[in-house]
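Please examine the model shown below.

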Amino acid sequence: MRFAASGLMPANWLFDAPREVNLEQPAGTPETIEIVSHCWNYAHLLQYQIQSLIENEPADVRVIYTVFYAPEDAKTTKLLRSTEKNRLKNIEWNFIPLDAPDLMRRAIGRNKAAKSTVADWIWFTDCDLLFGKDTFPSLVEELTGQDNILVFPETVLRTSLLDKNDELLCAERFSASDCMERDCVKSHQFEKATGPVQIVRGDVARKYGYCDQIRCYQQPKERWVKTYEDRTFRWLLGTHGQPIEVEGVGIIRHVEKGRYHKRSPFSKLREANRKVKDKLLAR
């Protein structure tokens, strides 16, 4: 699939895919936007994303904030339970537990969200992305009259690569707005809708899902896997996306990839089963 998605042939030769990326009927002013994140061992980053939403609650659009997580991740579960106590007018908390192997393949959660969304637009992002005070007003403005089925914030602010001991990642008290005011923050330009900056028309997401027809990207895994499906998703839609100007978007970059080096409970169970098997064979 990675080879095919490199542009070998149009996706609609093989799959049910959009014939046009620019729709005849441009979008109206969005009333609802869904934001989709995944979190596995990244509660210390997710807390900033949640705080940025609370600090910058949108006034003119309703946000459904969806987070996929595994109950085995105790820190993330605790954070989400605490977050649910915040009652906000224009933000709906939507926290969905998954079995750990389903969480490890990001496309599974994204596909579930895409097929079930009720929003006008759905923003697939990562838990290390932050929203600023002007993010939602500028996003609503850019989406109003938009005729492309896939768009992305072209310019974002990013921190330098932070060590695991950086005060920003270790702070117990935090302010999301402080994150993007550090000296290490630089402007970065995206060239395509990738990773945390994929914003899709809601009706398109409901019809095609997120790599819904690609079986290999809907299979559970026992550890977090590389997200190669991003490119396949763009290939299926037939576009790299339309760049738009969304203000105040920030990303926390970090050296340590906790999602890779920490084993899931299923890995531990597999190892225990292997030890039992070895003992039986020794008899």
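**Strand pairing, a helix and a cavity**

In this predicted model, strand β7 (residues 155-158) runs parallel to strand β11 (residues 250-251), and two bridges join them. In general, the strands of a sheet pair through backbone hydrogen bonds, in either a parallel or an antiparallel manner.

The β7 and β11 strands belong to an open sheet of four strands, whose order is β5-β11-β7-β8 and whose pairing is mixed. At the edges of this sheet lie β5 (129-130) and β8 (186-189), each of which pairs on one side only.

Attention now turns to helix α5, which spans residues 135-143. Its buried residues are Thr135, Phe136, Ser138, Leu139, Val140 and Leu143; burial here denotes a relative accessible area under 20%. Just after α5, Gly145 adopts a positive phi of about 85 degrees.

How many cavities of 30 Å³ or more does the model contain? The count comes to one. The largest cavity holds about 60 Å³ of space. Its lining consists of Asp16, Pro18, Tyr208, Gly209, Cys211, Asp212, Gln213, Phe233, Leu236 and Leu237. Which helix gives the most to this lining? That helix is α9 (residues 229-237), with three residues.

Technical notes: Residues are numbered from 1 along each chain as its sequence is written. This is a predicted model: local features need pLDDT of at least 70, side-chain atom pairs count only at pLDDT 80 or more; totals for chains, interfaces and linings use all residues. Side-chain values use heavy atoms; hydrogens and water are left out. Buried means under 20% relative accessible area, exposed over 50%, partly exposed in between (1.4 Å probe, protein chains only). Two strands pair if DSSP finds at least two bridges between them. On a 1 Å grid over the protein atoms alone, a cavity is a set of points where a 1.4 Å probe fits but cannot get out, and a pocket is an open set with protein on both sides within 12 Å along at least five of seven lines; lining residues have an atom within 4 Å of a point. Grid points are joined across faces, edges and corners, and a volume is the space filled by probe spheres set on the points.
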